[in-house]
Amino acid sequence: MTPQNRIRTRARAPRILPKSRVKALPVRWIVPLAVTAGALAGGAYGTLRTPEYAATSYVVVVPLDTTEPAAAQGFATAFGRVAPQLALVGDAPTWAGVPAATLKRDVRTATSPDAPMISVTATSAKASTAVDMANGVARSLVVSGTQLQGSTNVRVLQFSRAIAPTAPVTPSAGLSALVGGSAGGLLGGLGLLVRPKRRREDAPAGSASVPGPASGSGAAASATASASVSASAASSAAQPHPETV
């Protein structure tokens, strides 16, 4: 290889920048970038998630002539707690057109502390399926309450049937983006608070400290000392030395 080829090969070698030239992300961009990333993630989640619909049916417990109203309230609470089990052993899966495991997972019941009423809420990806599930579980409660009417002295009636929902209960893409942006901004702010502080760069090893100028009093004392030393030297030189015989 000739010297010229060696020079060309060295010239083509990529240059590696020193670490000091690589700049980090400015601090003022951390929070805006976190907000943008959170909003994009939330919007994507709201867009790609399958919407769900909810339908609610109501069942009321009515006391008979020989039953106190407080007893009806207690039986309503009891029926509300065992509603999922009654729906599984009854004909609710057949009336709803879904498996029993789906009813157990997607149906919730709640009771009111002010009235002997039970609400049956079902959620599904289809509005019609949610309606069938809620009405099926409510019908199963009515059948079970009728079978136990002789021992409980209360009557279970369906107060209101479920109607088809017009809008999903899952959050929209805009709301999901807003929540994601807020969460991203919060995380970005927390990251700024807990980030480590930069240390000051050490001074170069070859630099030497230069002493500052002396004060006025120190300079005067040094000059006085130098003058006294010179005078004593001159006087000693002027004195005659004895000769030795």
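A salt bridge is here a side-chain nitrogen of Lys or Arg within 4 Å of a carboxyl oxygen of Asp or Glu. With that criterion, a search of the whole structure, which is a predicted model, finds one salt bridge. Its partners are Arg 105 and Asp 106, whose closest N and O atoms are 3.3 Å apart.

## Overall organisation

The protein has nine helices and four strands, and along the sequence these elements follow the pattern α-α-β-α-α-α-β-β-α-α-β-α-α. Of its 245 residues, 24% are buried. Among contacts between residues at least 6 apart in sequence, 77% join residues that are at least 24 apart.

Helix α2 comprises residues 30-48, and its 19 residues reach 27 Å from the first C-alpha to the last, close to the 27 Å expected at 1.5 Å a residue. The buried residues of this helix are Ala 34, Gly 38, Gly 42, Gly 43 and Gly 46. Viewed down the axis of α2, these buried residues fall within an arc of 160°, so they line one face of the helix. In general, an α-helix has 3.6 residues a turn, so residues three or four places apart point the same way. On the other side of α2, Leu 40, Thr 47 and Leu 48 are exposed.

What do the buried residues of α2 pack against? They pack against α8, which spans residues 173-194. For the 22 residues of α8, a span of 32 Å should result at 1.5 Å a residue, and the end C-alpha atoms are 31 Å apart, which agrees. Buried in α8 are Ser 176, Gly 180, Gly 181, Gly 184, Gly 185 and Gly 188, and what covers these buried residues includes α2. Leu 190, which is also found in helix α8, is partly exposed, with a relative accessible area of 44%. Between Leu 190 and Val 31 there are 159 residues in sequence, but the C-alpha to C-alpha separation in space is 9.4 Å.

The four strands form an open sheet in the order β2-β3-β1-β4, with antiparallel pairing. Strands β2 (107-111) and β4 (154-160) stand at the edges, and each has a single partner strand, so one side of each is left without a neighbour in the sheet. From one strand to the next, the twist averages 25°. Helix α6 (residues 127-147) packs on this sheet and touches β1, β2, β3 and β4, its direction making about 150° with that of β3.

Within the sheet, eight bridges join β1 (residues 53-63) to β3 (residues 117-124), the two strands running antiparallel. In this pairing, Ala 54 stands opposite Thr 123, and the bridge partner of Val 59 in β3 is Ile 118. The pairing of β1 with β4 is likewise antiparallel and extends over six bridges, with Val 62 standing opposite Arg 155 in β4.

## Individual residues

Thr 102 lies in helix α5 (residues 100-106) and is buried, with a relative accessible area of 17%. Leaving aside neighbours within four places in sequence, Thr 102 is in contact with Val 107 and Met 133. Asn 153, in turn, lies in the loop between α7 (149-152) and β4, and its phi is near 60°, a positive value in a residue other than glycine. Is Asn 153 buried or partly exposed? It is partly exposed, with a relative accessible area of 31%.

| Residue | Relative accessible area | Class |
|---|---|---|
| Thr 102 | 17% | Buried |
| Asn 153 | 31% | Partly exposed |
| Leu 190 | 44% | Partly exposed |

How values were computed:
Residues numbered from 1 in each chain as written. Predicted model: local features only at pLDDT ≥ 70, side-chain atom pairs only at ≥ 80, totals over all residues. Heavy atoms only, no water. Expected span 1.5 Å × (residues − 1). Buried < 20%, exposed > 50% of the residue type's maximum accessible area, 1.4 Å probe, protein only. Arc of directions from axis to C-beta. Contact = heavy atoms within 4.5 Å. Pairing = 2+ DSSP bridges. Axes fitted to C-alpha atoms, helices over the stretch in contact; angles between N-to-C directions.
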